[in-house]
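This note comments on the aromatic rings of the structure shown below and on the charges placed over them. Please read each point with the model in view.

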Amino acid sequence: MRYSLGIDAGGTYTDAVLLNSDDGKVLQANKALTTYPDLILGIRDSLDGLDQKFLSNVRLVSVSTTLATNTILENTGYPVGLILVGKAGIPVDQKIKCSIQVRGGHNSAGNEVEPLDILAVEHFILEVKNKVSAFAVSSYFSVRNPEHELRVKESVVRLTCLPVVCGHELAQDLGVYDRGVTAYLNAQLIPITSQFMQAVTSEIKKRNIQAKLMMLKCDGSMVSIEEALKKPIESIFSGPAASLLGASHLSGFESCVVVDVGGTSTDVSMIHEGLPEISNLGAVVGKWQTKVKALKMETSAIGGDSHVWILNHEIHVGPRRVIPLCLAAMKYPEIKEKLKMDQNILRNQIGENIQPTKFFMKSGKIPDELNSEEKDLFERLSDRPYTVSDIYWNENRMPSPMTMNTLIQKRLVKTIGFTPTDALHVMGEYEQWDVEAAHIGAEVLSRFTGIEKLELCSKVKEQVASNIALNLAAFLLDGVDKEEIRKIINGKFFAGIKVKMPVVLLGGPVVAYKADLGKYFESIIVVPEYADVGNAVGALVGKGIKRLEVLIKASLTESKYNLKPESYIVFYPGGRTEFSSYTEALQHAEKIGSELVMDYMSSSGLDGSAVKINISRKDISVEEGTTPLETRLEFLGVGE
């Protein structure tokens with residue numbers, strides 16, 4: 001019997017799943033807490049929970065991870081030198097330390113508009129080569145002619161031993177700066193992803209697993225680890241992509257809307273006839289606009305581990321994530337006694353961090369630079385949970401609330417608090433961890449709201465359910481004002497929402513929200529078996545997918561009476577070729593596009609005989625029936 005192993009190193013939990021390779025059914029699954037900053041420890045814990053005797057028969061291992069996303073959000077990537085060629089400026093608010101803009105670039109026809117200032121490029125390379133770990137380059141209209149990017153790449157290779165990433169290698173879309181950002185972030189991620197995958201490979205080999213290693217991309221496709229290491233930027237949002245695919249596989253629906261209620265956020269996406277819906281815009285990570293094609297997705301910062309806090313008798317849920325009390329008490333049982341102790345917190349001191357149910361502890365990450373106030377607060381903390389009183393009032397001093405925020409944002413401090421997951425434990429709808437800790441926390445919070453603890457928990461659950469409903473409706477009603485959708489969700493209109501395809505729910509306690517969602521929508525709502533490890537399943541069931549575009553553009557010469565095509569230029573990823581006739585150009589375009597798809601599938605370790613290529617065509621002509629002035633061929637290759 002042959003098995004496949006899926007691993008999802010997510011934000012809160014790391015999941016491992018064994019699938020039977022013959023029928024695709026789940027054999028075993030295990031969850032472990034994600035360990036930060038060393039993700040491999042959480043992976044090891046998740047694998048330890050599987051029956052080790054099955055692992056020697058694993059022939060495929062596929063990984064999805066939040067590593068790339070977290071690295072970009074936390075600005076912990078390796079230093080990179082960015083070289084922009086042509087008409088592109090770097091916004092002053094972007095924190096790119098080593099960068100230069102030089103003369104050069106091409107026009108929309110791929111013709112050089114200004115010679116490349118190679119002397120300025122090489123001076124910059126020599127100036128910063130000891131300060132950076134890689135280089136990134138993006139040139140004006142390099143998608144029409146990558147010549148200048150390739151010349152810069154040659155100079156980097158000749159003058160340094162460092163890797164260099166070109167914008168045209170990652171994206172075909174116009175936008176020299178955004179392509180530069182994509183190349184810049186990709187270069188930052190290469191060393192980090194390489195170290196991570198080396199650790200995963202080592203862990204797999206220790207368990208006597210001899211298998212092909214794959215990674216899931218943010219568009220729901222699978223690639224070989226060799227290909228993934230070249231373009232780690234494409235693994236951003238691979239977690240939501242894994243959820244989408246896992247939900248489709250577990251539910252048996254090839255077309256469905258998926259709601260993934262994770263620890264940190266709730267994500268809504270859609271799969272149609274086995275292929276994920278892709279956004280026309282590039283993925284946005286933090287403040288960075290990239291050219292990476294990713295899922296079309298609606299996200300909100302409310303999940304099962306969102307912090308529930310009280311201010312002016314009102315219940316707030318999120319946006320920050322904390323470790324649930326019920327989960328933390330399993331490892332730190334002393335928090336139950338600390339919760340029972342009355343803390344000296346006045347109502348006018350209450351804030352998101354100053355809460356009677358919130359705890360703080362060091363994360364284990366070593367700090368880089370801290371100012372005196374941050375250092376003072378950090379040194380007061382321990383590797384065990386401390387209450388607000390332990391940190392502040394027992395020391396008879398209280399720093400600025402922003403100081404704790406800074407330490408949390410730098411991931412130097414982990415937080416524990418009351419969450420929607422705790423509320424479900426109190427209501428008896430989800431009881432995986434320490435129920436007593438959840439009850440004590442709810443009792444403490446209820447004193448600050450003036451309502452009984454069960455009512456408090458019911459209101460928390462209601463907020464989460466309405467947020468899920470709003471997210472789902474906003475995704476389906478794209479372009480409709482969100483406030484108008486909110487009125488429908490809140491019942492202010494005598495109208496409802498009918499969803500014409502199944503809605504599949506994923507996440508640990510998500511079954512508790514199934515009935516609540518049924519009040520908002522007329523639809524088939526499904527919670528499949530193993531919904532709590534859907535991400536790890538999705539990491540295994542992705543297909544090989546390659547999307548690319550080939551453009552045929554007429555090169556016009558102006559005569560006395562009209563514009564006449566002089567030649568036809570075929571633009572494709574990595575090159576351009578000119579032909580005297582449209583027929584020759586079209587034949588070459590179809591041939592080169594198909595070859596590029598097949599080359600990609602081969603480099604991704606997929607069987608070429610199982611690849612299907614669909615070509616869609618869009619023409620622009622002066623008059624109907626005449627030879628097009630422009631033809632755009634879109635190739636979609638799908639391989640098992």
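1. A charge counts as sitting over a ring if NZ of Lys or CZ of Arg is within 6 Å of the ring centre and within 35 degrees of the ring normal. In this predicted model, Lys362 lies over the face of Phe378, at 4.6 Å from the ring centre.

2. How many aromatic pairs does the structure hold? There are 7 aromatic pairs. One of them joins Tyr3 and Phe54, whose arrangement is edge-to-face, with 5.5 Å centre to centre and 85° between the planes. This pair links distant parts of the chain, 51 residues apart: Tyr3 belongs to strand 1 (residues 3-9), while Phe54 is in the loop between helix 1 (39-48) and strand 4 (58-65). Are Tyr3 and Phe54 buried or exposed? Both are buried.

3. Why is the pair of Tyr13 and Trp433 stacked? The ring centres of Tyr13 and Trp433 are 6.1 Å apart and their planes meet at 15°, so the pair is stacked; planes under 30 degrees apart count as such. Here too the pair links distant parts of the chain, with Tyr13 in strand 2 (residues 13-20) and Trp433 in the loop between helix 13 (420-427) and helix 14 (435-446), 420 residues apart. Tyr13 and Trp433 are both buried.

How values were computed:
Residues numbered from 1 in each chain as written. Predicted model: local features only at pLDDT ≥ 70, side-chain atom pairs only at ≥ 80, totals over all residues. Heavy atoms only, no water. Phe/Tyr/Trp six-rings, centres within 6.5 Å; stacked < 30°, edge-to-face > 60°. Helix = DSSP H or I, 4+ residues; strand = E, 2+ residues; numbered from the N terminus. Buried < 20%, exposed > 50% of the residue type's maximum accessible area, 1.4 Å probe, protein only.
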